[in-house]
Amino acid sequence: MSLVDQSYSRQSGVALLQVLLISAVISVLAIRFSQTAQDQVEMADAFDQRIRAQMAARSIFNEIVLVKVSTFVTPLVADSEVAFGDMVKLNPYGEAILWRDGITVSTQDLNGLLPRLYPRYFLWRTILKQLEVDAEDIDRYLGVWKDLQDTDADSWIGGEQEPEVLSGGARFPNRLGQTKTLIKLAFMDRPNLADKVLSYSSYYPTPEMNLFNMPADLLNSMFDSSLADNIQRVRADRALSIAERVSILPLEYRDDRLTLMNSSAMKITISVPLLHGRWRQSWSVRLAPGRVKPFHQIPN
């Protein structure tokens, strides 16, 4: 083989390698572009699902408000289940029901939750005792909790000044109001207890509480299992009279600070199925039948 042939052969081999290398690079880029495009499509689809779920949740929220503020509802289509879901099964104690198309709804009357704004409300001591908190710790938690949200500088321990900092080093706030942060500060040495206090309470206080509107978790934490079961059984029977309902309560809970009526303040929670998971949204509202806008939102 001549030198010219050898040189040509080497050049051909190098060119082939270059072509193969460029082809490989282009193939890798094409694969990456394809994956990126697929990722973008999936992201767009997930965004579209979320927006549709939000719109469905808002639509059903409006249906719930309409059902609650209306004396009666006449669906505009023949099948009332399609129009409004199962109105009969709506309850004021937060038990979720299937509305339609896999969407679940719960309506919690806020008078079934403890008032977060009033730590001295008598049932707070009851629930903390049932949660096996020592009496001294109950006094301390409720005292610090009160001090954290009032405007005076007096400590819950008579005659003393509120401290400048909490035991954990955080600044001691002293302002009128109530936020979740203040609850966590009051129970900072027991964060699990703080979580329970938050889940059992509402920012929006009602004048009187209704034991029959308490969610199941709160009932089971507040009372012994026999009384909790009786309350859940009785409240599910809508045919019972007020006297029959009251008769199952111990004397200490037949109190003028309690009621058997529903209030106009409620938390509405709607859960909409997605392809992967669910979209869950809550509103706390005060109903206003007869007004142009039949509700207004209140703090959660």
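Is Tyr121 buried or exposed? Tyr121 counts as buried, because its relative accessibility is 15% and the cut-off for burial is under 20%. The model behind this value is predicted.

## Aromatic pairs

A pair of aromatic rings is described by the distance of the centres and the angle of the planes. The whole structure holds 7 aromatic pairs. One of them joins Phe61 and Phe295 edge-to-face.

## The aromatic cluster and Phe187

Trp124, Tyr141, Trp145 and Phe187 form one aromatic cluster. Tyr141 has a charged residue over its face as well: Arg140 lies 4.6 Å from the ring centre.

Where is Phe187 found? Phe187 is in the loop between H5 and H6. Its relative accessible area is 1%, so Phe187 is buried. Setting aside neighbours within four places in sequence, Phe187 contacts Leu128, Tyr141, Trp145, Leu193, Ala194 and Val197. Tyr141 and Trp145 are also members of the aromatic cluster. Phe187 and Leu142 are 45 residues apart along the chain, yet their C-alpha atoms are separated by 9.4 Å.

## Helix H4

Helix H4 covers residues 135-149, which makes 15 residues. From its first C-alpha to its last, H4 reaches 22 Å. That is close to the 21 Å expected at 1.5 Å a residue.

Which residues of H4 are buried? They are Ile138, Tyr141, Leu142, Gly143, Val144, Trp145, Asp147, Leu148 and Gln149. The cover over these buried residues includes helix H3 (122-130), helix H5 (180-186) and helix H6 (191-199).

## The open sheet

Strands of a sheet pair through backbone hydrogen bonds, either parallel or antiparallel. Here, 5 strands form an open sheet with antiparallel pairing. The order is S1-S2-S5-S6-S7. Strand S1 (97-100) and S7 stand at the edges. Each has a single partner strand, so one side of each is left without a neighbour in the sheet. The twist averages 35° from one strand to the next.

## Strand partners and hairpins

S1 and S2 run antiparallel and are joined by 3 bridges. Ile97 stands opposite Val105 in S2. The hairpin of S1 and S2 has 2 residues between the strands. In this hairpin, Asp101 takes a positive phi near 55°.

Strand S2 (residues 103-109) also pairs with strand S5 (residues 265-273). That pairing is antiparallel, over 6 bridges. Thr104 has Ser271 of S5 as its bridge partner. Ser106 stands opposite Thr269 in S5.

How many residues of S5 are buried? The strand is mostly covered, with 7 of its 9 residues buried. S5 pairs with strand S6 (residues 278-287) in the antiparallel sense, over 9 bridges. Val272 has Trp279 of S6 as its bridge partner. The hairpin of S5 and S6 has 4 residues between the strands. Gly277 takes a positive phi near 105° in this hairpin.

## A buried loop asparagine

Asn210 lies in the loop between strand S4 (201-202) and helix H7 (216-222). Why does Asn210 count as buried? Its relative accessibility is 2%, and burial means under 20%.

What does Asn210 touch? Leaving out residues up to four places away in sequence, Asn210 touches Asn111, Gly112, Thr259, Leu260, Met261 and Asn262.

Conventions
Residues are numbered from 1 along each chain as its sequence is written. This is a predicted model: local features need pLDDT of at least 70, side-chain atom pairs count only at pLDDT 80 or more; totals for chains, interfaces and linings use all residues. Side-chain values use heavy atoms; hydrogens and water are left out. Rings of Phe, Tyr and Trp (its six-membered ring) pair if their centres lie within 6.5 Å; planes under 30 degrees apart count as stacked, over 60 as edge-to-face and the rest as tilted. Buried means under 20% relative accessible area, exposed over 50%, partly exposed in between (1.4 Å probe, protein chains only). A charge sits over a ring if NZ of Lys or CZ of Arg is within 6 Å of the ring centre and within 35 degrees of the ring normal. Two strands pair if DSSP finds at least two bridges between them. Axes are lines fitted to C-alpha atoms, for helices over the stretch in contact, and angles run from 0 to 180 degrees between N-to-C directions. The expected span of a helix is 1.5 Å times one less than its number of residues. Contact means heavy atoms within 4.5 Å.
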